[in-house]
Each structure stands twice: as C-alpha cells, then as structure tokens.
Amino acid sequence: MKEDNCLHAALICLGMLYYSHAITTEKLNHARPSLHGHHEKGKEGQVLHRSKRGWVWNQFFVIEEYTGPDPVLVGRLHSDIDSGDGNIKYILSGEGAGIIFVIDDKSGNIHATKTLDREERAQYTLTAQAVDRNTNRPLEPPSEFIVKVQDINDNPPEFLHENYHANVPERSNVGTSVIQVTASDADDPTYGNSAKLVYSILEGQPYFSVEAQTGIIRTALPNMDREAKEEYHVVIQAKDMGGHMGGLSGTTKVTITLTDVNDNPPKFPQSVYQMSVSEAAVPGEEVGRVKAKDPDIGENGLVAYSIIDGDGMDMFEITTDYETQEGVIKLKKLLDFETKKSYSLKVEAANVHIDPKFISNGPFKDTVTVKISVEDADEPPVFLKPSYIFEVQENAASGTVVGKVHAKDPDAANSAIRYSIDRHTDLERYFIINAEDGNIKTIKALDREEIAWHNISVFAVEVHKQHQEAKVPVAIKVVDVNDNAPKFAAAYEAFVCENARSNQQFITISADDKDDSANGPRFIFSLPPEIIHNPNFTLRDNRDNTASVLVRREGFSRQKQDLYLLPIVISDGGLPPMSSTNTLTIRVCGCDSNGSLLSCNAEAYILNAGLSTGALIAILACIVILLVIVVLFVTLKRQKKEPLIIFEEEDVRENIITYDDEGGGEEDTEAFDIATLQNPDGINGFIPRKDIKPEYQYMPRPGLRPAPNSVDVDDFINTRIQEADNDPTAPPYDSIQIYGYEGRGSVAGSLSSLESATTDSDLDYDYLQNWGPRFKKLADLYGSKDTFDDDC
C-alpha cells in the first residue's frame with residue numbers, strides 16, 4: 001500500500017509539470033481580444049487596443065480511486081480580465097458538473113467530490129465560462145476542456161472461463177498444442193503495465209507447459225499413455241504488471257483428457273480353451289465363447305475373430321459379438337458322436353482398425369487353440385431319405401404294394417424301429433403300413449379323377465424308447481388308367497333352318513375326358529354304323545378334337561317333324577381306347593333369307609299360317625268380354641249373405657250324424673275308406689277357418705247324384721269329392737252328406753234312409769228302442785218325427 005501511495009504522488013508531480021508547460025504555451029499562442037474594451041492612448045491621441053489574456057489552467061486530470069479526506073483539486077480556471085475584485089463569476093457546465101465536479105465561482109478552482117473509476121468512465125467533457133457577477137453578462141466566450149481519469153492498477157486479470165476442457169491424443173510428441181487460455185485485464189493497456197499479462201503454470205507439471213505471452217498449453221512429456229493415466233488437471237495463472245512484483249493475478253483450471261490411439265494389440269488371457277457340445281445340437285447353436293483383451297477403447301479396441309486352422313473348420317464357425325467383443329463359436333453342421341468325438345480349432349483375434357503410426361508395436365493380433373469334445377446323445381430314428389415319392393395305378397386291387405420307407409437308430413444301441421401312418425394325413429384310410437419293414441400298401445381302390453396325389457406322413461419310433469420318433473413325408477402319385485369314356489364338352493342343342501342347304505354346317509361339337517391327357521385326346525367322332533347313311537345329317541371329324549355336323553339334304557318341315565335326335569360316337573386315344581355314344585338334339589326352326597332364326601315353335605307356325613291378324617284380335621276380344629261377365633257374376637254373388645251351413649229339415653241325408661257305434665265287423669270289408677273323404681286342402685297343410693261363411697250358394701247339378709242303391713261305391717264317392725272340390729260354397733271342413741252303401745255283415749242292418757223304401761218299418765223307428773242303450777238316443781231322435789220323403 002505504501003508503494004502505491006508513492007507511485008500516486010510521483011504521477012501527480014509529473015502531471016503538474018506537464019500541464020504548467022501547457023499553460024505557458026497557451027498564454028503565448030492563444031491570446032484573444034478582451035471582451036471588456038480596455039483602451040490605451042498612444043502618441044498623437046491614437047487609441048490602441050490590447051489583446052485579452054487566455055484562461056489559466058492549473059490541472060487537467062484526476063487520479064482514479066482517490067480516497068482522501070478532502071475533495072481532490074482537479075484544476076483552476078482564471079481569466080486575464082479577472083482583477084481579483086470579485087466582479088467575475090466562473091460557471092462550470094457539462095458532464096458531471098455540479099454532481100461530480102464543482103467550481104468555486106470566485107477563484108475558479110474545480111474539485112472532484114466523488115471517487116472516480118476509470119473502468120467505468122475514462123474522461124469527462126466540461127465547459128467553463130466567465131460572466132459578470134452583477135449582470136450575468138458573458139465576459140468571454142465559453143471554453144471546453146477535458147478532464148481525464150488517470151488509471152491505476154486496481155483490476156486483477158480474469159479468464160474467459162472458470163474451467164477449460166481439452167483433449168490430446170496419447171503418445172503425442174513434446175510441444176503438441178493442447179489448448180489456448182485467455183485472460184483479460186480491465187485496466188488501461190496504454191498506460192503503464194497495469195494490463196500487461198504474463199501466463200504461468202501452477203499445477204500440471206511436468207506433463208504440460210504454457211507459453212507466457214500467448215497462454216497456449218503444450219505437452220511437456222513424450223509417450224504419455226492413456227492406459228496408465230487418462231485425465232490430468234492443470235492450473236494456469238495470469239499476472240499483470242508484466243509479471244513483476246506488485247502485480248495482480250487470476251487463475252483457471254484446465255482438465256486435459258488423453259484420447260485413445262491403437263497402440264495395444266489384442267491378447268488372449270489363456271492359450272487353450274476347452275469346450276463341449278452335444279451331438280443332438282442343431283446347426284446355428286452356440287458352442288462357446290472366447291475373448292481377446294485389448295486395453296484400447298472405441299474403434300481402436302474392436303476385434304474380429306476367425307478360424308484359421310484345425311480339423312473342425314468345416315463343422316464350426318465363429319462370429320464377433322461387437323457389444324461384448326467376444327468371439328462366438330457356433331455349430332455349422334450336424335455332429336455324430338459315433339463318427340468323431342472331438343475337434344480342434346485355431347482361432348485368431350485381430351484389430352479391425354490399425355494406426356500406421358504405431359505399426360511397430362504390432363502385430364495387432366493373437367491366436368488361441370480351442371478344443372471341442374462331442375457328447376453322446378440319445379438320437380431319434382433317422383430316415384434314409386428326407387422324403388419319399390411313390391406311384392400306384394388307379395383301380396389297383398386292395399393290398400397292392402405302393403413303396404417302402406426305411407429308418408434306423410443312429411445310436412450305438414441300434415434299437416429296433418416300428419412304423420405307422422399319421423392318420424391325420426390319411427383320413428379316408430387309403431393306405432396301411434407294415435410296422436416291421438415299412439412297406440406301404442393300399443386298402444381300397446384309388447381313383448385318380450377324385451384324388452391325383454396322396455400326401456401322407458410316416459412315423460418311425462424306437463421300440464424301447466417311445467419318445468424317440470421321426471417323421472417323413474410320403475407323396476403317392478395315382479397313375480391314370482383309361483377308365484373314363486369321353487363325353488360332350490357341353491349340353492349341346494342344335495338348330496337347323498327349314499330352308500337349310502345341303503352340306504351346310506350348323507354346329508361344331510367338342511368332347512371332354514376326365515382321364516389324363518395320355519388317355520384322353522385325341523378324340524375321334526363318328527356316327528353309329530346303323531345310321532352311317534343317315535339321310536338328314538352327316539358328321540365330319542375335324543381332327544382337332546372337334547367335329548362339325550352338316551345337313552345332308554335340302555329343306556325341312558316343322559309340320560312333319562320339328563325335332564331330330566342324332567347319336568354321335570366319341571372315342572379317346574387311350575390304350576385300350578374307350579368310347580361313348582352321345583345324343584345331339586336338333587330342332588327345326590323357321591329362318592329368314594339370311595339364315596337368322598325366327599321361330600322354333602310348331603304351334604305358333606300353324607297359327608300364323610291359318611289365322612290372320614284380324615281373326616286373332618277378334619278371339620282376344622271375345623275372351624275379354626267373357627272375363628268381364630264372369631267378374632260381374634262373381635261380384636253379384638258376393639253381395640248375397642247366406643248362412644254358413646244350409647239346414648233343410650226335409651233333407652236329413654245332407655246332415656252328418658255321429659254314431660257311437662262300431663263297424664260291421666270282420667265281414668264289413670267293402671266299406672269305403674274314410675281317408676278318401678278328407679278335405680284336399682287339409683292334406684296339403686291348409687285348413688280353412690270354420691267360422692267363415694261361404695259367399696256363394698252351391699246349387700247341385702241335376703243328374704250327378706247317383707241312385708241310392710248304387711253298387712259302385714268308388715264312383716259314387718269320387719263323384720261327391722269332385723263336386724265338393726269344385727263347389728265354391730262348400731263348408732271349410734270335410735263333409736259327406738250321403739251314404740250310398742254299407743257293409744253286409746252288420747247285425748243291426750242298414751241305418752240309412754236311402755233304402756227305406758225296401759224296408760218293412762215304413763219309416764217307423766220305434767223298433768230301435770229294442771236294440772239296447774246304444775241306440776236309445778237314435779230312437780229318441782227319429783221315433784217321434786214323421787217320416788221323410790225318399791225322393792228328397
């Protein structure tokens with residue numbers, strides 16, 4: 001602190017000397033006329049004007065951070081017209097006037113009332129003026145001057161960042177640039193050494209160094225190894241005053257990380273690996289893992305594995321797991337313990353990326369021996385083939401041998417094998433297999449046209465170990481036999497014009513055969529021998545599996561014959577060939593002159609020939625009139641209201657009487673079947689409502705009722721049924737009104753009134769009282785009434 005005060009005093013003295021010289025120069029070079037008109041009389045009465053003296057400056061700067069007890073004197077203003085009588089008043093204006101800087105209006109002394117900081121503001125611009133104290137009239141023009149704040153070393157250096165992070169490759173050469181750190185000083189760099197900085201390293205030696213002027217950090221030791229130490233902490237200092245005593249300083253921390261380079265080859269931790277694998281393992285299954293250690297990281301530590309030698313190169317393969325950097329040994333082919341029990345591999349591990357700068361540290365690879373032993377496993381049976389294909393002719397007899405499958409036990413025990421068919425693949429049970437030798441036979445005949453291929457599966461199971469089984473697919477082809485005759489390819493129906501010309505072709509036919517192509521086409525078309533000389537039509541084989549039918553004669557007549565049936569024989573190309581006779585239907589049609597069909601209906605042809613258009617219109621008009629009359633008649637009938645059932649007291653025979661009596665016994669075989677009296681509508685499932693009253697009254701037609709003594713019961717019943725079916729007023733339930741005939745074996749005789757004319761009772765039914773309690777109700781019903789007229 002004492003040294004700082006001495007320095008401040010020296011600076012003040014130098015400033016005063018400098019500004020005193022400046023004031024003297026100002027007085028000599030900048031003399032201006034006086035504003036107050038001072039006059040001197042020269043010789044011969046001449047009035048002389050003298051020049052005005054300029055301002056007198058005592059001081060132009062102030063030291064920053066001044067902390068004295070009194071305000072610091074900045075400077076003094078004085079005009080040459082000031083005679084010291086107090087009539088001149090000094091006024092100060094500008095930046096900080098009245099707040100930071102104050103002036104004594106009598107003496108012109110300027111003081112700074114506050115501590116100034118150059119880092120906040122380096123200079124102030126002020127304006128001074130002298131005025132008359134009484135009138136405030138300016139005595140001289142305003143004069144502008146600058147007050148500078150003189151710098152002192154009051155700010156330490158500061159780094160841009162509190163902490164720096166940098167990377168440098170390991171094994172870098174000495175002097176390799178790592179990072180540059182920069183500090184700044186708020187003091188005036190143009191005045192003294194307050195802002196002159198010097199860098200030095202406080203921590204991090206002897207690994208790193210720093211340039212004093214630039215702040216660049218460089219490596220100081222060769223071959224620094226990341227694997228030995230990866231991270232370093234360095235402390236850098238920046239000091240002002242050029243690094244001399246009394247200067248201020250600041251520090252920062254720099255974390256330096258050594259980045260990896262590929263300077264280490266991979267190494268296996270052991271020379272031999274022992275592994276084992278079961279012979280039941282499948283290709284692709286993992287056998288074991290090996291790992292070569294590489295202390296490098298990232299891509300420099302990537303290792304690739306390969307098999308370079310050994311008797312198991314064909315049986316095993318190795319891949320690289322880049323996540324764990326391990327070599328994964330996998331099975332490549334199926335193993336057989338009975339054939340070979342162990343294998344040996346030579347595995348190499350090599351770096352993927354090699355740095356040429358460190359090639360001398362190589363080779364960047366290592367090898368190891370891997371011994372693999374095969375463990376015995378209980379294996380299932382193995383078929384000699386992965387699949388079987390057999391052939392058998394269709395329609396072959398049951399028990400025909402299709403083929404033979406064979407499997408064996410690969411184990412040393414060589415257990416016996418039993419065979420079976422997977423019935424899920426042979427649901428219809430077409431085949432059977434011999435469990436001992438594997439022979440497959442048919443159970444029933446095969447039809448190629450139904451199923452051309454049969455795909456079944458056969459199981460092979462060890463006798464003593466039922467869980468050990470194998471499965472093989474068996475495809476059986478059904479060989480075609482010519483067992484299907486050819487037929488028309490479609491349901492042909494031909495048309496020939498009445499005015500057809502001789503040898504005119506009117507249809508082309510083709511055939512179809514369900515058999516294979518070897519037993520099908522080519523097809524041969526011909527007419528049967530008995531109609532080879534058919535006078536109407538002929539056939540021409542086109543030799544392309546089609547045939548053309550031609551007209552042999554000219555002119556046909558629909559009135560004589562409108563339909564012809566032409567038999568055609570079709571033979572296939574199988575051995576032996578098969579044939580069938582197919583009938584072609586040919587219709588005779590009317591055609592126009594161009595051969596276009598007009599009509600193939602014989603009746604329409606006759607009507608068109610015999611009736612004119614006017615006649616047809618007249619017939620249609622008569623039919624319409626008749627229909628109108630019928631509709632009117634039906635409408636009038638519907639307006640009449642008739643009871644549902646017509647009761648005529650005089651015609652007792654029209655009523656249905658229920659008798660609680662049995663039939664005529666075993667001799668009553670000629671009685672009619674009551675089933676024939678059922679309502680035909682009821683037979684078809686439709687039973688009309690019984691509460692519907694018929695709208696029309698049926699009038700019995702005279703002459704249709706048979707005589708009461710008719711012997712032909714069937715004709716009688718059929719006649720009554722026909723009348724009931726055609727009667728629109730028939731009740732909606734079954735009814736029969738007349739009994740025409742009864743059996744001959746009844747003890748009571750006939751109860752019908754139809755034969756009352758031949759009896760001796762003269763319609764007196766009182767004798768029914770003697771027949772027992774079963775006829776009591778009938779006697780009460782008829783005994784008290786008059787007899788009825790037989791003619792009713």
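Colleague: Which cysteine forms a disulfide with Cys497?

Modeller: Cys591, with the sulfur atoms 2.0 Å apart. Bear in mind that this is a predicted model.

Colleague: What is the handedness of the disulfide of Cys497 and Cys591?

Modeller: The torsion about the S-S bond is about -85 degrees, so that disulfide is left-handed. Cys497 sits in strand β38 and Cys591 in strand β44, so the bond ties together parts 94 residues apart in sequence.

Colleague: Buried or exposed, Cys497 and Cys591?

Modeller: Cys497 is buried at 11% relative accessible area, and Cys591 is buried at 15%.

Colleague: How many disulfides does the count come to?

Modeller: The count is 2. Cys589 is joined to Cys600, S to S 1.7 Å. Its S-S torsion is about 105 degrees, so this disulfide is right-handed. Cys589 is in strand β44 and Cys600 in the loop between β45 and α2, so the linked parts are 11 residues apart in sequence.

Colleague: What is the pairing, with the bonded cysteines numbered in sequence order?

Modeller: The pairing is 1-3, 2-4.

Colleague: And the accessibility of Cys589 and Cys600?

Modeller: Cys589 is buried at 0%, while Cys600 is partly exposed at 26%.

Colleague: Changing topic. Where is Asn264?

Modeller: Asn264 is in the loop between β20 and β21. With a relative accessible area of 18%, Asn264 counts as buried, because the cut-off is under 20%.

Colleague: Which side chains does the side chain of Asn264 make a polar contact with?

Modeller: Asp263, at 2.7 Å, and Asp296, at 3.0 Å. Beyond four places in sequence, the contacts of Asn264 include Glu227, Asn351 and Phe364.

Terms used:
Residues numbered from 1 in each chain as written. Predicted model: local features only at pLDDT ≥ 70, side-chain atom pairs only at ≥ 80, totals over all residues. Heavy atoms only, no water. Helix = DSSP H or I, 4+ residues; strand = E, 2+ residues; numbered from the N terminus. Buried < 20%, exposed > 50% of the residue type's maximum accessible area, 1.4 Å probe, protein only. Polar contact = N/O pair within 3.5 Å; in protein donor to acceptor, adjacent residues only side chain to side chain. Contact = heavy atoms within 4.5 Å. Disulfide = S-S within 2.5 Å.
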